[in-house]
Amino acid sequence: MEFVNRFAQALPELCHQQQPTALSEPEMVIVSQQSCQLLALDANFMASEQGLGLTAGQLLVDGMDPVSTVYAGHQFGGYSPQLGDGRALLLGELKTPQGEHWELQLKGSGLTPFSRQGDGKAVLRSSIREFLASEAMAALGIATTRALSLGVGGGEVRRERLEKEAMLLRFAPSHIRFGHFEYLYYQQQSGLLKRLIDFCLEHYFSDCLKQSNPVLAMLQQVVDSTALMIAKWQAEGFCHGVMNTDNMSILGLTIDYGPYGFLDDFNPRHICNHSDHHGRYAFDQQPAVGLWNLQRLAQALSDYVPSHQSEALWLRYQRVINQHYQMFMLNKLGLSKWQDQDESLLSGVLSLMAQQGLDYHSSLRSLAQPMAELPALLGEPWQAWLATYRARCAEAERDETQRCEAIQQHVPLYVLRNYLAQQAITAAEAGDYSELQTLHQILSQPFNPQKNAERFAAPPPHWGKCLEISCSS
Ligand code: AMP
Ligand code: MG
């Protein structure tokens, strides 16, 4: 394994070098085989004592130089001048034989100078939630940080109750956040800000260097990737829960899984974060929050991109997010080419689900039935909409079988519902990781029916819809 540390070398002023605080009596809970493949890591290595040592913060591989990094961010609308990796360390960048670079981060790795009032630890419950979400999102085609492995320790930490401590190894091409730029901008560290920008341009946006204003070109790419990510969140019913600018990735990756949730019943106003009293990050607010957050990034880059140039990007954001969202939703209806009248077809199906409080995913998936059976299946309130849908499908190039197949390829059968995660967590807290491993396996192929997996496709029980998830993890 070859490790480099480009971020720490280029921007030591943003980094605090330190060692992880290892878990005591660690045990491996789960390893993602897909992640091993991406990293070109031998799955046997991760299953070995060394893999466990790495996941538990006991062992570093030659060439790793762990650091915590400082950043800032707008949290719930207000500026927090100093945040940072409070319980995560960037271990280094793994260089694969193909020449790809992947930053490895250990989350739950102990106190750092940025821990503020926190203890620097992560608990098993929240680490399982992050592991499952990272891998499930990737399987749905949503840009995300990934999870490699999760270990549990013998110690306990206090949250709302005493919980088992754990560590998660996660990875991404970069974990740079909007908040890294904001920190340097508001600190008026213009030289360092320039170096951070140059670092990003060189390593992640090198095609922008050819443009007359490379920083504007980079900002435009961030606008596009963020719009794509959020369009996909909306289409897949994903609610992030804490869209602060310190939780926004410069690469448009979904990052920092906390109180997130996938919709069960379709409620556009759904608030998944129990601590979000005013619904700032409610499901239907996410596209607008994404824009607001991008504007905070543009402010941090305003020495390089004057406001008259960034203005045009806000219209672009709206256009890009709408176009992606419309296509994703059209595909879920088994259709392929957007027509103007599809706007009302789409708003029609969403209002039906909202009015009747229907399950978002299974309602859409139920459309993958022969047209003749849909009226009886869906009931009276759907008849008018079904007539429009039938007429629209009749014009389309796809026949009945192709329409059903297309729906099945775009509407997942298995969704990471809170209650499924909770069942896996309860079993894992009692020392049984098999439920978690099965759930992870099923969610890695969310569209295809799998053997003995009916219960994972079932709608949530009442208790499962009422789980309260807060920021504390
Ligand atoms: P989040 O809302 O999870 O993105 O966290 C916001 C900030 O709080 C980040 O800088 C985290 O590193 C920090 N933080 C969250 N939980 C802890 C913890 N248990 N210990 C130390 N810092 C934490
Ligand atoms: Mg965070």
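Predicted model: local features only at pLDDT ≥ 70, side-chain atom pairs only at ≥ 80, totals over all residues.
**Stop 1: ligand 1.** Now look for nitrogen atoms of the ligand. A backbone N or O atom of Gly120 sits 2.8 Å from one, and a polar side-chain atom of Asp119 is 3.1 Å from a ligand nitrogen. Click on Lys121 too, where a backbone N or O atom lies 3.4 Å from a nitrogen of ligand 1. On its own, ligand 1 has 480 Å² of accessible area, and the protein covers 81% of that.

**Stop 2: the magnesium ion.** Next, pick ligand 2, the magnesium ion. Which protein donors does it have? They are Asn247 (OD1) and Asp256 (OD), 1.9 to 2.2 Å away from the ion. Both Asn247 and Asp256 are buried.

**Stop 3: aromatic rings.** The model has 15 aromatic pairs. Start with Phe7 and Phe199, an edge-to-face pair with 5.7 Å between centres and 80° between planes. Phe7 belongs to helix α1 and Phe199 to helix α7, 192 residues apart. Buried or exposed? Phe7 is buried at 4% relative accessible area, and Phe199 is buried at 4% as well.

Then jump to Tyr79 and Tyr186: their ring centres are 4.3 Å apart and their planes meet at 45°, so this pair is tilted. Tyr79 is in strand β6 and Tyr186 in helix α6, so the pair ties together parts 107 residues apart in sequence. Tyr79 is partly exposed at 28%, and Tyr186 is partly exposed at 35%.

Finish by selecting Trp233, Phe238, Tyr257, Tyr260 and Phe262, a cluster linked by ring pairs.

How values were computed: Residues numbered from 1 in each chain as written. Chains lettered and ligands numbered in written order. Heavy atoms only, no water. Polar contact = N/O pair within 3.5 Å; in protein donor to acceptor, adjacent residues only side chain to side chain. Areas by Shrake-Rupley, 256 points an atom, 1.4 Å probe, with all protein chains shown as cover. Donors = N, O, S within 2.8 Å, 3.2 Å for Na, K, Ca; no water. Buried < 20%, exposed > 50% of the residue type's maximum accessible area, 1.4 Å probe, protein only. Phe/Tyr/Trp six-rings, centres within 6.5 Å; stacked < 30°, edge-to-face > 60°. Helix = DSSP H or I, 4+ residues; strand = E, 2+ residues; numbered from the N terminus.
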